[in-house]
Amino acid sequence: MNSTDWAAFAARIKQQGQQLGFRAVGIADIDLSQEWPRLQQWLENHYHGDMDYMARHGDMRCHPEQLHPGTLKVICVALDYLPPEAGFAANLKQSDSAYVSRYAGGRDYHKLMRNRLKKLGDWIKAELPESDDHNFRPFVDSAPLLERPLARNAGLGWVGKHSLLLNEQAGSWFFLGELLVNLPLPNDEANQQDCGSCSACLTICPTKAIVEPYVVDGRRCISYLTIESDHAIPEPLRAAIGNRIYGCDDCQLVCPWNRAAPLTSESDFHIRDALQQPKLLTLWQWDEAAFLKQMEGSPIRRIGFRRWQRNLAVALGNGPASAEVISALTQGLGRVDEMVDEHIHWALNQLQQRQGEYRNRQQQRLIRVVEKGLPRDA
Ligand code: SF4
Ligand code: SF4
């Protein structure tokens with residue numbers, strides 16, 4: 001082991017990682033103790049909402065060696081996911097269409113990334129003497145790891161004011177993964193860049209979830225509300241959700257570093273046909289079997305039919321008030337459970353109010369037209 005040139009080996013690991021399709025590979029130390037006060041404050045503010053696992057493993061997040069004993073370093077990787085023809089504007093502006101976060105339009109990334117990380121681990125093992133006890137463990141979102149600070153320390157980018165990782169070349173449309181290893185590899189230099197005076201993501205956030213630079217109140221974030229939360233969506237936030245039925249990309253869309261972000265080279269992340277500008281009404285009419293079939297292999301399947309219907313009800317309530325939508329929503333009552341029904345009632349209420357306002361406006365217009373057309377002495 002002592003004879004290994006670890007700096008040279010680290011360079012070969014990065015090369016191998018890139019051959020496996022990762023855009024960037026970096027190495028970070030396991031000491032994240034400086035992150036704990038910030039994380040602790042975030043948890044004390046209950047910004048994690050119902051994500052109890054965040055609180056349960058709070059301290060462990062700063063100690064990767066507790067997750068996999070013997071860990072000395074973390075190999076961090078980034079994989080681009082921005083699909084071609086992302087159709088951001090078209091989807092967000094059409095209120096009768098559904099918007100799905102761009103990482104979720106294709107196949108679930110977890111399996112793909114974990115397999116690639118495992119391949120990288122196997123390659124490392126094969127390259128080193130068998131007599132040494134080399135071991136590794138791959139993670140993709142599956143463990144209490146502070147992946148963004150780790151990736152920053154590995155030189156992959158900086159944590160933006162929206163709390164995601166970004167960098168000058170790739171913007172922020174990439175997944176992160178980690179390989180915990182017991183090798184004394186040299187650390188990469190942490191990325192020292194920051195957002196400067198920009199605050200575009202704070203301004204654009206529809207629900208004002210970025211409560212201060214670098215701090216996201218998860219309970220207000222549309223990604224949390226539509227994906228993580230199993231409960232009713234708080235009423236005051238429903239209108240701001242618009243037509244976003246799974247996640248939200250607004251803080252990334254507005255980020256200047258994403259203007260020239262590269263497209264993914266993974267066809268798995270291309271948007272599947274069923275999610276190419278999908279009409280809300282079409283998605284609403286899927287029964288559970290259709291949902292499971294259409295979302296096979298998609299990360300969206302994980303939220304289940306109940307949250308899917310809840311999210312669609314909110315989006316329909318924010319969309320055009322047509323008789324067809326009102327009838328379809330009414331037919332959905334009793335289909336899932338009380339929580340979904342409550343969202344349907346909310347949506348129907350919104351649509352009926354809007355229809356009433358529309359009728360009033362039409363009446364006022366008619367009255368004005370009639371008045372203009374009347375003879376002066378009438
Ligand atoms: S994902 Fe959407 S809701 Fe969440 S912080 Fe970003 S802009 Fe706000
Ligand atoms: S929009 Fe501006 S403040 Fe927000 S992450 Fe991008 S550069 Fe940073």
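Ala, Val, Leu, Ile, Met, Phe, Trp, Tyr, Cys and Pro are counted here as nonpolar, Asp, Glu, Lys and Arg as charged, and the others, Gly among them, as polar. The model is predicted: local features need pLDDT of at least 70, side-chain atom pairs count only at pLDDT 80 or more, and totals for chains, interfaces and linings use all residues. Residues are numbered from 1 along each chain as its sequence is written, while chains are lettered from A and ligands numbered from 1 in the order in which they are written.

The chain contains 16 helices and 10 strands. Helices (H or I, at least four residues) and strands (E, at least two) are DSSP runs, numbered from the N terminus. The C-alpha trace spans about 105 × 45 × 40 Å along its principal axes. Of the 378 residues, 39% are buried. A residue is buried if 20 or more other C-beta atoms lie within 10 Å of its own, exposed if 12 or fewer, and partly exposed in between, with C-beta atoms placed from the backbone.

Strand E2 (residues 73-80) has eight of its eight residues buried, so E2 is largely enclosed by the rest of the structure. In a regular strand the side chains alternate between the two faces of the sheet. Both faces of E2 are covered, with Lys73, Ile75, Val77 and Leu79 on one side and Val74, Cys76, Ala78 and Asp80 on the other. Strands pair if DSSP finds at least two bridges between them. E2 pairs with strand E1 (residues 24-29) in the antiparallel sense over six bridges. Asp29 stands opposite Lys73. E2 also pairs with strand E7 (residues 174-181), in the antiparallel sense over eight bridges. Here Phe175 is the bridge partner of Leu79.

Helices H14 (residues 304-317) and H16 (residues 338-373) pack at an angle of about 10°, with axes 8 Å apart. Axes are lines fitted to C-alpha atoms, for helices over the stretch in contact, and angles run from 0 to 180 degrees between N-to-C directions. H14 and H16 are therefore roughly parallel (angles under 35 degrees). Their contact residues divide into nine nonpolar, four polar and two charged.

Key. Parallel < 35°, antiparallel > 145°, perpendicular 65-115°, else oblique.
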